[in-house]
Amino acid sequence: MKRSFIILSLLVAGGMAHAASPIYSWEWTTEGTQITAPGWNGSFNYTTGNDYATFGSGSGGGTPYNSGIAGISGSFTVSFDLKNLSSTNNAWKDVFSLYSNGTVSGESNSMVLEFNASGELYFYNKGFGGQSGGNINTGLTWTDLQQDNWNNLSIVSDLSSQTLSVYVNGALAGTITGWNPSSPALTGSQFGSSFGNTRPMNGTIDVNNIKFYDGVVLPVPEAATASLGLLGLAALLMRRRRSC
């Protein structure tokens, strides 16, 4: 029993630990903003007492983006939470973009989180760092993001395993293999469209917990999923102990 308890304790600790500190971090709480990196152009609209900020794009307002990301030159992880998308029309619309090679307009050298014409949310590689091709279906749709429920997305570029992966609410949505961009450094990012206001979202959306890591940081599964896994493991360990 003692060994079982130790194993469970280690698993719980491993699931709760956050292995790295973000290079950039934007968070909003009921007490206000907690921003550890300057440089966003445009603005997130924070209302006192909320635990999120709202941003708009296209005709609804300016698009916040950081065109000068520095300090992330190899593997990286970007994560954020989204909910309450106001736009309702199904069309090709961009939610979030990442850039390499100093691109400041259009979609070259980018990766884009984008709704297709059917309202499905995909993550497309549009030639990031000189490497073309690949897409990942996140499993989310317009309808999912129009709800008052947070959805966490994590984008993980792992050069050691040559994979580009997307996680949704802690679960792996998909992976692009053979990932080996010639210029892997992040140089820019944007919410609400691609640079140059390409395919703007044309609406508003709530956002929180934006984090950029210089390295691979795998997301922690949702609490319910993690709890079920630990309970199942505990039952298995107890069953083995009884059979001994």
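Rings of Phe, Tyr and Trp (its six-membered ring) pair if their centres lie within 6.5 Å. The legends below apply this rule and others to a predicted model.

**Figure 1. Ring pairs join six aromatic residues into a cluster.** The members of the cluster are W28, F44, F55, F80, F96 and F191. Across the model, the ring rule gives a count of 16 aromatic pairs. F44 is buried, with a relative accessible area of 14%. F55 is likewise buried, at a relative accessible area of 1%.

**Figure 2. Y122 and Y124 form a stacked aromatic pair.** The ring centres of Y122 and Y124 are separated by 5.4 Å, with 25 degrees between the planes. The pair counts as stacked because its planes are under 30 degrees apart. Both Y122 and Y124 are buried. K126 lies over the face of Y124, at 5.3 Å from the ring centre.

**Figure 3. E114 forms salt bridges with K126 and with R199.** In the bridge between E114 and K126, the N to O distance is 3.3 Å. Twelve residues separate these partners, which link distant parts of the chain: E114 is in strand β8 (residues 110-115) and K126 in strand β9 (residues 120-126). E114 is buried, with a relative accessible area of 0%, whereas K126 counts as partly exposed at 28% relative accessibility. The side chains of E114 and R199 meet with an N to O distance of 2.6 Å. This second bridge also links distant parts of the chain, 85 residues apart, from strand β8 to the loop between β14 (188-191) and β15, where R199 is placed. R199 is partly exposed, with a relative accessible area of 28%. Through shared partners, salt bridges join D94, E107, E114, K126 and R199 into one network.

**Figure 4. A salt bridge connects K211 with E27.** The count of salt bridges in the model comes to seven. In the bridge between K211 and E27, the closest N and O atoms are 3.0 Å apart. The two residues are 184 residues apart and link distant parts of the chain, K211 being in strand β15 and E27 in strand β1 (residues 24-29). K211 is buried, with a relative accessible area of 15%. E27 counts as partly exposed, at 21% relative accessibility.

**Figure 5. D206 is a buried residue without a salt bridge.** D206 is located in strand β15 (residues 204-213). The nearest side chain of opposite charge is that of K83, 4.9 Å away. This pair is not a salt bridge because the rule requires a side-chain nitrogen of Lys or Arg within 4 Å of a carboxyl oxygen of Asp or Glu. The side chain of D206 instead makes a polar contact of 2.6 Å with the side chain of T54. Not counting residues up to four places away in sequence, D206 touches Y52, A53, T54, D81, L82, K83, N84 and W150.

Note on methods
Residues numbered from 1 in each chain as written. Predicted model: local features only at pLDDT ≥ 70, side-chain atom pairs only at ≥ 80, totals over all residues. Heavy atoms only, no water. Phe/Tyr/Trp six-rings, centres within 6.5 Å; stacked < 30°, edge-to-face > 60°. Buried < 20%, exposed > 50% of the residue type's maximum accessible area, 1.4 Å probe, protein only. Lys NZ or Arg CZ within 6 Å of the ring centre and 35° of its normal. Helix = DSSP H or I, 4+ residues; strand = E, 2+ residues; numbered from the N terminus. Lys, Arg positive; Asp, Glu negative; His and termini not counted. Polar contact = N/O pair within 3.5 Å; in protein donor to acceptor, adjacent residues only side chain to side chain. Contact = heavy atoms within 4.5 Å.
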